[in-house]
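Hi,

Here is the structure I promised to pass on. Have a look at it first, and then read my notes below.

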Amino acid sequence: MNILNKRYLYFALSLLVIVPGMVTLVIYGAPLSIDFTSGSLMEVSFSSNSLPPTGEVVAALDEAGIQDAEVRTTADNTLLIRAAFLEEQQGEDAASAQMVAILEGTFSDAITVLRFENVGPTIGQQVTQRAALAVGVAALAIVLYITLAF
């Protein structure tokens with residue numbers, strides 16, 4: 001199998017995938033979670049030990065005006081709720097109480113807050129910088145290997 005004779009075809013296929021991906025990334029940007037942008041993180045458990053569907057929790061929080069809510073279940077039978085930064089509008093205790101009131105009212109179940117914290121974008125910036133550095137070093141290593149090998 002002679003790969004070198006078909007190299008221009010492979011270059012064209014690569015460009016066909018890479019260029020639209022890069023254009024889309026530039027136009028729309030990367031969808032970042034609250035670990036990179038900042039926000040609030042809350043872990044709750046329900047007294048009935050039966051968790052509501054995550055879609056219903058997101059809908060209830062959206063309806064109450066809590067933006068960008070992400071809900072995941074954990075192995076400990078709890079819900080992990082990530083949302084836009086809540087402390088700007090009110091204190092941390094008031095934000096936690098507001099989310100608990102929304103969930104208790106919607107799902108008619110007693111809720112225990114296991115943790116509530118606000119996440120800043122500082123760690124996300126560090127991770128992004130280190131990831132960019134790692135990609136750059138890896139690309140340089142690949143180019144050097146190809147240069148030396150061929």
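How many salt bridges does the count come to? By the rule used here (a side-chain nitrogen of Lys or Arg within 4 Å of a carboxyl oxygen of Asp or Glu), the count is 3 salt bridges.

Before the details, some ground rules: this is a predicted model, where local features need pLDDT of at least 70, side-chain atom pairs count only at pLDDT 80 or more, and totals for chains, interfaces and linings use all residues. Residues are numbered from 1 along each chain as its sequence is written, and side-chain values use heavy atoms, with hydrogens and water left out.

Start with Arg115, which pairs with Glu43 at 3.1 Å between the closest N and O atoms. That pair joins distant parts of the chain, with Arg115 in strand E4 (residues 111-119) and Glu43 in strand E1 (residues 39-46), 72 residues apart. Strands here are DSSP runs of at least two residues, numbered from the N terminus. Glu43 counts as buried at 12% relative accessibility, while Arg115 is partly exposed at 33%; buried means under 20% relative accessible area, exposed over 50%, and partly exposed in between (1.4 Å probe, protein chains only).

Elsewhere, Glu70 forms a salt bridge with Arg72, with 3.9 Å between the closest N and O atoms. Glu70 is partly exposed, at 29% relative accessibility.

Cheers

Conventions: Helix = DSSP H or I, 4+ residues; strand = E, 2+ residues; numbered from the N terminus.
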